[in-house]
Every structure is written in structure tokens, then in C-alpha cells.
Amino acid sequence: GSRLVVSTRSYADFTPQASFDIKSCELHRLDQGPPTQALLTREQGLKYYRIMQTMRRMELKADQLYKQKIIRGFCHLYDGQEACAVGIEAGINPTDHLITAYRAHGYTYTRGVSVKEILAELTGLRGGVAKGKGGSMHMYANHFYGGNGIVGAQVPLGAGVALACLYKGSNEVCVTLYGDGAANQGQIFESFNMASLWKLPCIFICENNKYGMGTSVERASASTDYFKRGDFVPGLRVDGMDVLCVREATKFAADHCRSGKNKSVTLGLFVDPLLTRLLQGPILMELQTYRYHGHSMSDPGVSYRTREEIQEVRSKSDPISMLKDRMISSNMASLEEINEIDVEIRKEIEEAAQFATSDPEPPLDELCNHIFYNEPPMEVRGTNPWSKLKSVS
């Protein structure tokens, strides 16, 4: 009876949009920050919920496949941090650029890659996004530069992408992500310096999930105010468990980077005329978030923190539950509607997992393909001088 009544409710029965109070951000070298109220439409809410829940279910399926020894090697899961990826994407344009570290499955999905291509990449099969040759840490898409396995090494690359945006005058920004474990890397501070000198449109984002591998931030960093660590770069600290907080902060940061000033910037010994339409420069965001799994699949995640700590975050701050509760309490969606979405997502994940365990392995003659872009076929030396392999762009 009641299920039938609810399922026949029209869209007119639901509240089309609502405003929610969100946590204010802590600021560094900024006169004002993002708004403390966020407007959410029903359409946006359902979209954010579907994406976050898909990411969660995808990571839980990856966990299962890993334990079955179908996925091998490095595998870092993102469950618990979904509000970061979804909020960031909601605050920038699809044509903006993004680069992250090795906990990259979620961003690969939000950048437009299907679940089946992600899972097939994890299982090393031909239908994977990188043809089965990249694995967990090396996935790519349009305007998405990975997936990088070396701690902190993606940050100067992100600054370079932002330099390209500035040089081309495209009014695009580059979101450059790293974790609290990478926050003490020297190359990060070099990137801050160059980005500030050249006023690069770069949003540096520290996803602070409280632990760098098995070391808490308090034991690893003399200062855990990561949003202030850019010194001369403006910064803000954001509740990374609330998708609306992250969205509003990202919009604020992107607007900051895009806002123009009529100055020229010297790169080396010359001033390029393309750079006279100058941007405000970089900004640094710290997203306070939490990962439910260990650092990687080889880390049980409970030797340096308690199960009770993890459960408390799940019960009080889970990003998916928070959005779901907001929507139901504001009459923007029904519980039955949410449950139907969950059923659809589970079906999608199961179908993707079936593909990722039945697709063929990449053939050996494709091993060296795509080393270079748009080059004629060439021979590549194998494991010894007499072993020759062919590479096709």
C-alpha cells in the first residue's frame, strides 16, 4: 500500500529547491570566504547522491575483488571521501583540469569514465580505461591527468597545467590535489612559489584524511594548519565531509583564480603578451575528510586508530548519509526514491564487475603501444637486445 502511494507521487509533490546552512570556512590571507548558506535543487541533490553512492559501491566492489585476488598490486580506496570529489566537480567546469595522487578511482569516475572501464583497469583487462596497462594508480580522461604514484609529484605537474591555461588564455583552472601525507614535500612548496610568482590559475587542494599511511597528522607535521602552509598563497579550511561546503568553497576558489588584473608577469627574461590578461593567482584549500579503509589494501587500517573512531565518523559525518538526510527532511526526495536509486546502482556495479572479470587480457603485441603520441610505428627493445617489440601510437 504505502510503497504504491509513494511511487505514484508526482514531481510537484517534492520541494524543488532548498537552502541549507553550511559550516563557515577558516580563512588565511582572505578578507571574506565562501557563503555560509548553500542552495540545493532537487535535481542537483539526486545527482550528487547518485554519484557519491556509485563511487562508494564501486570502491566496496574493488575491495571484494581484491580480497578474491582478482585485483592485484597497489589499490588505494576512496570510500568516505566522496564529498570531496563530487563537491569539487560541482564547483568547476568540465573543461577545467584536474590532477591527483594515487587514490584516484573516484576522480576518474567524476571526470567521465564508466564504472566498468575503471573496474576493468583494476583487473588489468583490455576494456580498462588505460587498456589494462595502468592499474589503480594510472587512469586518465579528458582534462584529467591521473592518477600519479609518486608522493607529491603531481603537484608541480598541476602547476604546469595551470601555466598552460594561463599561456593559452583559456580562462580555465587546474585543480591540483595532494594528501596530508604529501604536504611536507619540498616540491609542493616550490610549486606554491612558482604559482604565486607567475599568478597561475591553480587551486591547490590538500585532502586531509587525518592519516598519512599509518601516521596521524599530529605526529607528522609541526603545523597541521595545511590551509596556511602556502604562506603567501591565500587559503581556506573546508568541511570535506559536506558536499555543499566543498562545492561552495570550490566555486569561491575558482572565481578567485579566474578574476583578472591588468598586470604583466615575467617568465624568465621575457614578458609574453598572452600573459598580460593576468589572473589573481593560486589559492590553497584544505578539505578535512576521512577514509574508511586503510591507506591501501595491504593496510587493515585499525593498528593506528580504533574501530570505534571509524564507526563514530560513519555515524556522525558520513557524506552520503548527510545529503540523504537533508533531502528527505526537506521533502526533496522520498526514502523509497533513494532506495530505488540504490538498487539501480548495485545493479550497475554488478554488471561492471561481471565485465571486469570476463573481458580478455590485453594481447602481448599491444604491450608497447601508446608510448608516444602521433608517431610512426617503431621498434622497442625488450628484456634483452635480441627481443624486439613494436610500438604504435
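The charged end of Arg-314 sits over the ring of Tyr-292, with 4.1 Å to the ring centre; a charge counts as over a ring if NZ of Lys or CZ of Arg is within 6 Å of the ring centre and within 35 degrees of the ring normal. Elsewhere, Lys-116 lies over the face of Phe-355, at 4.7 Å from the centre of that ring.

Before going on, a word on the basis: this is a predicted model, where local features need pLDDT of at least 70 and side-chain atom pairs count only at pLDDT 80 or more, while totals for chains, interfaces and linings use all residues. Residues are numbered from 1 along each chain as its sequence is written, and side-chain values use heavy atoms, leaving out hydrogens and water.

Searching the whole structure gives five aromatic pairs; rings of Phe, Tyr and Trp (its six-membered ring) pair if their centres lie within 6.5 Å, and planes under 30 degrees apart count as stacked, over 60 as edge-to-face and the rest as tilted. One of them joins Tyr-78 and Tyr-107 edge-to-face, at 5.5 Å centre to centre with 65 degrees between the planes. This pair links distant parts of the chain, 29 residues apart: Tyr-78 is in the loop between helix 2 (42–67) and helix 3 (82–91), and Tyr-107 is in helix 4 (residues 105–110). Helices here are DSSP runs (H or I, at least four residues), numbered from the N terminus.

Both Tyr-78 and Tyr-107 are buried, meaning under 20% relative accessible area with a 1.4 Å probe, protein chains only. Tyr-292 also pairs with Tyr-290, in a tilted arrangement: 6.5 Å centre to centre and 55 degrees between the planes. Tyr-292 counts as buried because its relative accessibility is 5%. Finally, Phe-189, Phe-192 and Phe-204 form one aromatic cluster.

Key. Helix = DSSP H or I, 4+ residues; strand = E, 2+ residues; numbered from the N terminus. Buried < 20%, exposed > 50% of the residue type's maximum accessible area, 1.4 Å probe, protein only.
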